[in-house]
Amino acid sequence: MSSIVNKIIKRVRKAYHSLLLSPIEVWVFHAVTPTFNPAFCLPEDWNSTLDFERTVKKLKKKYTIISLEEAYQKLRKDLFRFKRYAVLTCDDGFKSTLAILPFLASEGVPITLFINPKYLDGVSFRGNYTAHPEYINESDLKGIDSPLVTIGMHGFEHIDCSEQSAAEFRDSATACIKTLETHPRFVPFFAYPWGKYSAATQQVLMELNITPVLCDGASNYRYHNGISRKCIEASRTDLAPGGLV
Ligand SMILES: [Zn+2]
């Protein structure tokens, strides 16, 4: 009996979503540079500048691109949604990201940058690459004042949050907040590195009043335990699709 009820609920929900509640797609990208350099980024994290610009123009034709906060409010409040919305986000805070901001400004497209405050000193780095990639530093961060750009958290450093204890994660998230909250474009959203999290990290973010941002490849209808994201690299045409970072 309960399986019949579940089937009916699923069908009603599907009909509701397809007819009355359009999903909001949230896209994540990482490194965008004119050419690929294996010393500084992984192939699955990369879009060529040309391909990125084409992708944004293509998305603009299909969706109204809104900010992450606007999407969050819609996901919490909308009972009905007929327009198609999308959000752009960028993880890791590579310095090269700064070069795409003028293009996004000319297109009137908002974006949220998720950064690791540890790398703002211009010295620290994480060892995924054969050479040190350049990260956005403190002075770069101060220079970001566009109303179209917001700054979120990607962990104090780029590590697997699901491996951290609640106390370790709390310390790291608190350090992120402390470093970034005075920035005029700071927003209280936390994108887990590699999309990895645990029940403990979710609890800590809830207590700190921070919204989790996931990387689970799902579309968003209503807000539940975080905002889902899809990899924009999957749509690129200049390399085979890669994985999540
Ligand atoms: Zn990352």
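Modeller: Leaving aside neighbours within four places in sequence, Y85 is in contact with I24, Y63, T64, I66, A71 and K74, where two residues are in contact if their C-beta atoms, placed from the backbone, lie within 7 Å. This is a predicted model, in which local features need pLDDT of at least 70 and side-chain atom pairs count only at pLDDT 80 or more, while totals for chains, interfaces and linings use all residues. Residues are numbered from 1 along each chain as its sequence is written.

Biologist: Is Y85 buried or exposed, and which strand is it in?

Modeller: Y85 is found in strand β5, residues 85-91, where helices (H or I, at least four residues) and strands (E, at least two) are DSSP runs numbered from the N terminus. Y85 counts as buried because it has 20 C-beta neighbours inside 10 Å; a residue is buried if 20 or more other C-beta atoms lie within 10 Å of its own, exposed if 12 or fewer, and partly exposed in between, with C-beta atoms placed from the backbone.

Biologist: What is the bridge partner of I24 in β5?

Modeller: The bridge partner of I24 in β5 is Y85, and β1 and β5 pair in the parallel sense over six bridges, given that two strands pair if DSSP finds at least two bridges between them. Two bridges also join β1 to strand β10 (residues 230-231), again in parallel, and there W27 has K230 as its bridge partner.

Biologist: How many residues of β1 are buried?

Modeller: Six of the six residues in β1 (residues 24-29) are buried, and both faces are covered, with I24, V26 and V28 on one side and E25, W27 and F29 on the other. In a regular strand the side chains alternate between the two faces of the sheet.

Biologist: Which residues touch the most other members of the largest nonpolar core?

Modeller: That core has 55 residues, and I24, W27, F29, A71, A86, V87 and F190 touch the most other members; a nonpolar core is a set of buried Ala, Val, Leu, Ile, Met, Phe, Trp, Tyr and Cys residues joined through C-beta atoms within 7 Å. Beyond its neighbours within four places in sequence, A71 is in contact with I24, V26, I66, Y85 and V87. In soluble globular proteins, nonpolar side chains tend to be buried together.

Biologist: Switching to helices, how many residues of α1 are buried?

Modeller: The number buried is zero of the 19 residues of α1, so α1 lies largely in the open. Helix α1 (residues 2-20) should span 27 Å at 1.5 Å a residue, and its end C-alpha atoms are 26 Å apart, which agrees; the expected span is 1.5 Å times one less than the number of residues.

Biologist: Which residues other than glycine have a positive phi?

Modeller: Among them are D92, with phi near 90°, and W194, with a phi of about 55°. Most residues other than glycine have a negative phi, and most peptide bonds are trans. D92 has its place in the loop between β5 and α4 (101-107) and is buried, with 26 other C-beta atoms within 10 Å. W194 is in the loop between β8 and α7 (199-207) and counts as partly exposed, with 17 C-beta neighbours inside 10 Å.

Biologist: What about the overall dimensions, and what pLDDT does the protein average?

Modeller: Along its principal axes the C-alpha trace spans about 60 × 45 × 35 Å. A compact globule of 245 residues would have a radius of gyration near 18 Å, and the protein has 18 Å, which agrees; the radius is taken over C-alpha atoms, and the globule rule is 2.2 Å times the number of residues to the power 0.38. The protein averages a pLDDT of 89, and 91% of the residues score at least 70, pLDDT being the predictor's confidence in each residue, from 0 to 100. Over residues 239-245 the pLDDT is below 50, and beyond near neighbours in sequence this stretch has 18 contacts in the model.
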